[in-house]
Amino acid sequence: MIDMQDVWKTYPNGTHALKGVSVQIDRSEFVYVVGPSGAGKSTFMKLIYREETPSKGQISVNGFNLSKLKQRNIPLLRRNIGVIFQDYRLLPKLTAYENVAFAMEVIETPRRIMKKRVMEVLDLVGLKSKAGREPSQLSGGEQQRVAIARAIVNNPSVIVADEPTGNLDPETSWGIMQLLDEINFRGTTVVMATHNREIVNTMRKRVLAIEDGQVVRDQLRGEYGYEF
Amino acid sequence: MNFNTLLRHFREGTKNVFRNGWMSVASMLSIVVSLMLLGVALLLVLNLDRAADRIDKQVEISVYLNLEITKAETDIIEQQIREMPEVQDMTFVSKEEGLETMRQSLGDAMVKGYEENGTNPLPDMFKVQVIEATTVPFVAEKISALNDSNPDKPVYDVDYGKGTAEKLFKWTQAIRTVGVVIVLALGLMAMFLIANTIKVTIIARRREIAIMKLVGATNRFIRWPFLIEGVLVGMTGAAITLAILLYGYYRVELAYSGWDTTQFTPLPLGDLWIWFSVLILGLGFLIGAWGSTISIRKFLKV
């Protein structure tokens, strides 16, 4: 599913964000990516949906060889990856429904099918009744649910979540985690970067620890392992 | 792209105009202001050109004929001048008519003596109008040269206000040049003003574009609604400008129609409005399309 071979990433300012990372993630896996701030977690995530390109090494995601992926084919890759951020990144002037529908419009889904499917996923994330609201009229947790609905509406094979609970209170965070767990249970690969120790230690999954640009730990049912 | 998607782009583009409320109004206003400046300048220049043309047309060549020449020779000269390609029209003024004109401008006393003894000292003459005013000196030269091929030297003198006419042409030409420069400068200014406004509205939306790219939108998919939005804003601005300009011009024309002056009247609106509308609306369309295309280009590389 996701295959990284000796991946290096050096930014133009000379920062070495990743130094020879090799990781394999299989279909339907759930992987936490943990580590201190600035260790390279975000770079690791961005490489998956090709917001960044590696300076060295090979990455393949979902059968796409990212080093050979042409600029104009990037959209095709991204349609198979649902991305979730700490700050939700919803389009501010669109309603919850429109935000989710947007991801389907992009792949030219007929409106009839789209309407049905959007309401279906909004129902799944528990926001069917708030479909007509704009992000500013929703709570943080609700906004993140809309973002999740948008991420899964096209049935992607991978969900990439960069600290999805970072801005949320513990109770809301658990709600989000249950959703991600359910999505994973249905067969979608989930890669999630997090600082939330309680979640990692309670909901036991594979843990990938990145420190100073390198994978220092890779456990199948791992723990958070940091004291902060 | 299928039909539904195209429809979607139009729907989104239109909605975006309203979603961006004040930003759309700002862009529209900057287009109105720019096109208004350009339009007013253009109308002024067109009328100045018309006025300059009128002034130029008043320059004519007086060809005085030799007192001794016969009717047949006069006809030959007329024939020769008429055949010159630069000449638009000419009229014959007989010595009697000349004297009459003189009487009217100088008074009876001045011409009385001539009439009494029947010695009219005035020659017959032709008044020659040319098509292109600036060819006057050249045509005058050609008419003088008619003497070269005729031993009788039928042409006594050729006069067109040498010196004065050239100065006048210089001035009218300068007015035209200045007019064109003003229009070009304003056009350039309008472009910068509009490009800047659009840039501001788009920078505010770069995040939006980045999100679209993240969910897998192609550049073309992102560009279309922006393009439609830009064209709508541009055309609306142009339509407002056009309404104001045409109404204003109509009032000016109305004000002039009360005057009975042969010197100057504005270009009639009836001849003007169709191509002027096409021009202003066309500019609105181009500005809108160009502005949105240019401005989002650099944000698409995410």
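Predicted model: local features only at pLDDT ≥ 70, side-chain atom pairs only at ≥ 80, totals over all residues.
Local features need pLDDT of at least 70 and side-chain atom pairs count only at pLDDT 80 or more, while totals for chains, interfaces and linings use all residues. Residues are numbered from 1 along each chain as its sequence is written, and chains are lettered from A in the order in which they are written.

**View 1. Chain A as a whole has seven helices and 10 strands.** Helices (H or I, at least four residues) and strands (E, at least two) are DSSP runs, numbered from the N terminus. Buried residues make up 43% of the 228 residues in chain A. A residue is called buried if 20 or more other C-beta atoms lie within 10 Å of its own, exposed if 12 or fewer, and partly exposed in between, with C-beta atoms placed from the backbone. Contacts are also worth a look here: two residues are in contact if their C-beta atoms, placed from the backbone, lie within 7 Å. Among contacts in chain A between residues at least 6 apart in sequence, 68% join residues at least 24 apart.

**View 2. Six strands of chain A form an open sheet in the order 6-7-8-3-9-10, with mixed pairing.** Two strands pair if DSSP finds at least two bridges between them. Strands of a sheet pair through backbone hydrogen bonds, either parallel or antiparallel. Which strands stand at the edges? They are strand 6 (81–85) and strand 10 (214–219) of chain A, and each has a single partner strand, so one side of each is left without a neighbour in the sheet. From one strand to the next, the twist averages 15°. Helix 1 (residues 41–48) of chain A packs on the sheet, touching strand 3 (30–34), strand 6, strand 7, strand 8 (189–193) and strand 9 (206–211) of chain A. The direction of helix 1 makes about 150° with that of strand 8 of chain A; such angles run from 0 to 180 degrees between N-to-C directions, and axes are lines fitted to C-alpha atoms, for helices over the stretch in contact.

**View 3. Strand 6 of chain A runs parallel to strand 7 (residues 158–162) of chain A, joined by five bridges.** Look for A:Phe85, which stands opposite A:Asp162 in strand 7 of chain A. A:Glu163 lies in the loop between strand 7 and helix 6 of chain A. Its phi is near 50°, a positive value in a residue other than glycine. Is A:Glu163 buried or exposed? With 20 C-beta neighbours inside 10 Å, A:Glu163 counts as buried.

**View 4. Strand 9 of chain A pairs with strand 3 of chain A in parallel and with strand 10 of chain A in the antiparallel sense.** Four bridges join strand 3 to strand 9 of chain A, and five bridges link strand 9 to strand 10 of chain A. A:Ala209 has a partner in each pairing: A:Val34 is its bridge partner, and A:Arg217 in strand 10 of chain A stands opposite A:Ala209. The hairpin of strands 9 and 10 of chain A has two residues between the strands, and there A:Asp212 takes a positive phi near 50°.

**View 5. A:Ser28 sits in the loop between strand 2 (16–25) and strand 3 of chain A.** This residue is not a glycine, yet A:Ser28 has a positive phi of about 65°. With 14 C-beta neighbours inside 10 Å, A:Ser28 counts as partly exposed.

**View 6. Helix 5 (residues 140–152) and helix 6 (residues 170–185) of chain A pack at an angle of about 10°, with their axes 10 Å apart.** The two helices of chain A are therefore roughly parallel to each other; angles under 35 degrees count as roughly parallel, over 145 as roughly antiparallel, 65 to 115 as roughly perpendicular and the rest as oblique. Residues making the contact include A:Ile148 and A:Ile152 of helix 5 of chain A, and A:Leu179 and A:Ile183 of helix 6 of chain A.

**View 7. Chain B meets chain A, with 13 residues of chain B in contact with 15 residues of chain A.** Helix 1 (3–19) and helix 8 (206–214) of chain B each supply at least two residues of the side of chain B that touches chain A. Helix 1 of chain B gives the most, with four residues. In helix 8 of chain B, the buried residues are B:Ile211, B:Met212, B:Lys213 and B:Leu214. What covers these buried residues includes helix 2 (74–78) and strand 6 of chain A together with helix 9 (219–257) of chain B.
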